[in-house]
Amino acid sequence: MNYTHKDIIATIFLKKGMLVKGFKDHTPVCDPVRQIKSFNDNGMDKIILYDLSDDPAEHDQNLQVLKKIIQIAEIPVYAGGNINSFDDVRKLIYAGCRKVILNSLKEKTPEIAKEGASRFGQNRFALSIFNVDMFFKQKDSVQQMISELVVLDPKLAGTIGNVTDMPYSILMPDLTPEQIRDTLASEDTIRGISCLYFNEPGADITGLKKYLGQQGIRTDHLEAELKWEDLKLNSDGLIPVVVQDYKTNDVLMLAYMNEEAFSTTLAIGKMTYYSRSRRELWIKGLTSGHYQYVKSLRADCDYDTILAKVSQVGAACHTGSRSCFFNKISDAEYTERNLFDEFEREYKVIRDRKINPKEGSYTNYLFDEGIDKMLKKIGGETNSIILAAKNNDRDDLKYQISDFIYHLMVLMVEKNISIEDVLEELSLR
């Protein structure tokens, strides 16, 4: 049995700005936002997206939907389909795609791959292949410009390793868990598998990963580095669990686990507790639909409390409140500062100046003067940063960097680039 990490992959298809069932079946399915959010929470490792557009207008329409998908997705997105030039590659990379999937059947693909690998690096490209003979003829050049393969013919499972040692993922028809296990174990170079039923509502990806782990197939599954025996329990044999929203860090609730709740949480990826009043196990959201999908579990320094960070669906509190902690006792005056919020606040002020000009505003002066003035100021601030750094003047360097960031934000507003756009790009580096 090989122990290379394997991915469980969702493959989705865009047609006329909508998700459809497959390459040939263009029946619309669910809303893209809802679908991607479910992938974030159910244990999916990666998304492969194919653009099935027939013309440039539809291609642009699908590209806009792709951008929304990438903004929502918390897992890597690979995208392919209708890539006819390096400009198409550039648009996908700038949209935030982790990798671009090129089509091995297109004559322009070698030229596009060469330019793309030179500009963005080999690791940003994958190649869809349909048969081994075609791939074998161009194997040497492909291996220099492409980092992995996406195999679209199920019959090639277990045979690609005879031709190349490049890693590959494979799109398969609906398979049983046993067949998925056998496919993933067939070659060391197979790194992931996609079945269309992975997209179905309620697909138990976490359960599949648990099964694969039991069969010796390693996946990115919730695995406990601490055992239940390592935790210190209270007099009732329970451990308290503080629950936080993984994005906002808001404290949502406090509950308790026994050993069965702890094991169930790890097995299904949904927070499960022990109800002291009812004296029974309860999966949070099983009745209300307000599930808590596990993002991380941590024990405190004394091993007697668990901190759970979760993706909360709906309200955490039985009263309908987002958080159980809404009854005010006392508040002292304090200033809450979040550095990201400070950047966001400054950006919003600059954007507001553009929408609602204010007489005498330096920001409005820059907008009125236009792009050349903005670029000149950014260039000047760059030189000032260099001089301050060379002169080892920390205070001046801090001042010049702040000036540079301000002018850069003005440019970002002018070009409609948000702070989130930049952070998303940085996360891909």
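Let's start with a cysteine. The sulfur of C30 is 18 Å from the closest cysteine sulfur, which belongs to C195, and that is too far for a bond. A disulfide is a covalent bond joining the sulfur atoms of two cysteines. The cut-off here is a pair of cysteine sulfur atoms within 2.5 Å. Searching the whole structure gives zero disulfides.

A word on the model. It is predicted, with local features needing pLDDT of at least 70 and side-chain atom pairs pLDDT 80 or more, while totals for chains, interfaces and linings use all residues. Residues are numbered from 1 along each chain as its sequence is written, and side-chain values use heavy atoms, without hydrogens and water.

Is C195 buried or exposed? C195 is buried, at 0% relative accessible area. Buried means under 20%, exposed means over 50%, and partly exposed is in between, using a 1.4 Å probe and protein chains only.

Next, the cores. A nonpolar core is a set of buried Ala, Val, Leu, Ile, Met, Phe, Trp, Tyr and Cys residues joined through side-chain atoms within 4.5 Å. The largest has 61 residues, and L66, V89, L102, I180, I193 and F198 touch the most other members. Take L66. Leaving out residues up to four places away in sequence, L66 touches L14, L49, V77, A79, L92 and C97; contact means heavy atoms within 4.5 Å. A second, separate core has 19 residues, including L252, M257, Y273 and V310.

Now the rings. How many aromatic pairs does a search of the whole structure find? There are 11. Rings of Phe, Tyr and Trp (its six-membered ring) pair if their centres lie within 6.5 Å; planes under 30 degrees apart are stacked, over 60 edge-to-face, and the rest tilted.

F86 and F120 are stacked, 5.9 Å centre to centre with 20 degrees between the planes. This pair links distant parts of the chain, 34 residues apart: F86 is in helix 3 (residues 86-95) and F120 in helix 4 (residues 109-120). Helices are DSSP runs (H or I, at least four residues), numbered from the N terminus. Both F86 and F120 are buried.

F120 also pairs with Y94, edge-to-face, at 6.0 Å centre to centre and 85 degrees between the planes. Y94 is partly exposed at 45% relative accessible area, whereas F120 counts as buried at 16%.

Elsewhere, ring pairs link F13, F23 and Y50 into a cluster.

Notes: Helix = DSSP H or I, 4+ residues; strand = E, 2+ residues; numbered from the N terminus.
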